[in-house]
Amino acid sequence: ANLSHVSEVITFFNENLDTNNSAVYSKKFLCPLGMKAAIRRNQMMIATDQGQVVGALRFYRKKTQKQISLYQFAISESHRGQCL
């Protein structure tokens with residue numbers, strides 16, 4: 001993702017993450033500033049189909065190890081189960 005995708009990514013996560021789901025344990029998952037910061041740090045990847053965001057994942061680089069952690073992800077309902 002790049003900075004031109006910020007508003008699309010924010011909309012995508014708001015539409016595809018259910019705050020009533022126990023896996024969404026923090027409101028930080030839907031924080032627009034956090035999403036924008038992740039994009040600026042190159043820690044957000046998106047999948048698009050015909051120009052529309054259909055999947056996104058946010059990861060965190062561990063500073064002391066050569067590892068990353070998956071922080072948040074979502075796939076649009078229309079694209080689930082399609083090997084995305």
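I started with helix H1, residues 6-16, and found Val 6, Val 9, Ile 10, Phe 12, Phe 13 and Asn 16 buried (under 20% relative accessible area with a 1.4 Å probe, protein chains only; exposed is over 50%, and partly exposed lies in between). Looking down the axis of H1, I saw these buried residues fall within an arc of 160°, so they line one face of the helix; the arc is taken from the directions from the helix axis to the C-beta atoms. On the other side of H1, I noted Ser 7 and Glu 15 as exposed.

A note on the source: this is a predicted model, where local features need pLDDT of at least 70 and side-chain atom pairs count only at pLDDT 80 or more, while totals for chains, interfaces and linings use all residues. Residues are numbered from 1 along each chain as its sequence is written, and side-chain values use heavy atoms, with hydrogens and water left out.

Next I checked confidence: the chain has a mean pLDDT of 88, and 93% of its residues reach 70 or more (pLDDT is the predictor's confidence in each residue, from 0 to 100).

Then I turned to the sheet. I found an open sheet of 3 strands in the order S1-S2-S3, with antiparallel pairing (two strands pair if DSSP finds at least two bridges between them; strands are DSSP runs of E, at least two residues, and helices are runs of H or I, at least four, numbered from the N terminus). S1 and S3 stand at the edges with a single partner strand each, so one side of each lacks a neighbour in the sheet. S1 and S2 pair over 6 bridges, and I looked up Ile 46, whose bridge partner in S2 is Ala 56.
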